[in-house]
Amino acid sequence: MYFELRPCPFCGGKASFRIEPYHGKKLYTAECANDDCSVSPMACDMDAKNVLDAWNKRVISNFPTLSVVIEEEEEHGSA
């Protein structure tokens, strides 16, 4: 079986794929391989295609982007 894993949707890091025994069956897992990823997303299922589809899915939104401006408060010194 040939498949492609897209990079992590959060950090852009490399993805890993593993197959492990689970109650006499196989458990397929795709996850971010970047130890520094702050989200550490994972997809797992008993069906490899479900895992690959879930991992590689990206949501494209037509919703407007929220812009946020954070202004630092000036420090007021006492005299």
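Leaving aside its neighbours within four places in sequence, which residues is Thr-29 in contact with?

Author: First, a word on the model. It is a predicted one, where local features need pLDDT of at least 70 and side-chain atom pairs count only at pLDDT 80 or more, while totals for chains, interfaces and linings use all residues. Residues are numbered from 1 along each chain as its sequence is written, and side-chain values use heavy atoms, with hydrogens and water left out.

Now to Thr-29. Setting aside residues within four places in sequence, Thr-29 is in contact (heavy atoms within 4.5 Å) with Ser-16, Phe-17, Arg-18, Glu-20, Met-42, Ala-43, Cys-44 and Val-51. Thr-29 sits in strand S2 and is buried, at a relative accessible area of 2%; buried means under 20% relative accessible area, with a 1.4 Å probe and protein chains only. Strands here are DSSP runs of E with at least two residues, helices are H or I runs of at least four, and both are numbered from the N terminus.

Two of those partners, Ala-43 and Val-51, also turn up in the largest nonpolar core, which has 10 residues, including Tyr-28 and Ala-30. Such a core is a set of buried Ala, Val, Leu, Ile, Met, Phe, Trp, Tyr and Cys residues joined through side-chain atoms within 4.5 Å. Strand S2 (25–32) and helix H1 (48–56) are the elements that give two or more residues to this core.

As for the whole chain, its elements run β-β-β-α from the N terminus, and buried residues make up 22% of its 79 residues.

Technical notes: Buried means under 20% relative accessible area, exposed over 50%, partly exposed in between (1.4 Å probe, protein chains only).
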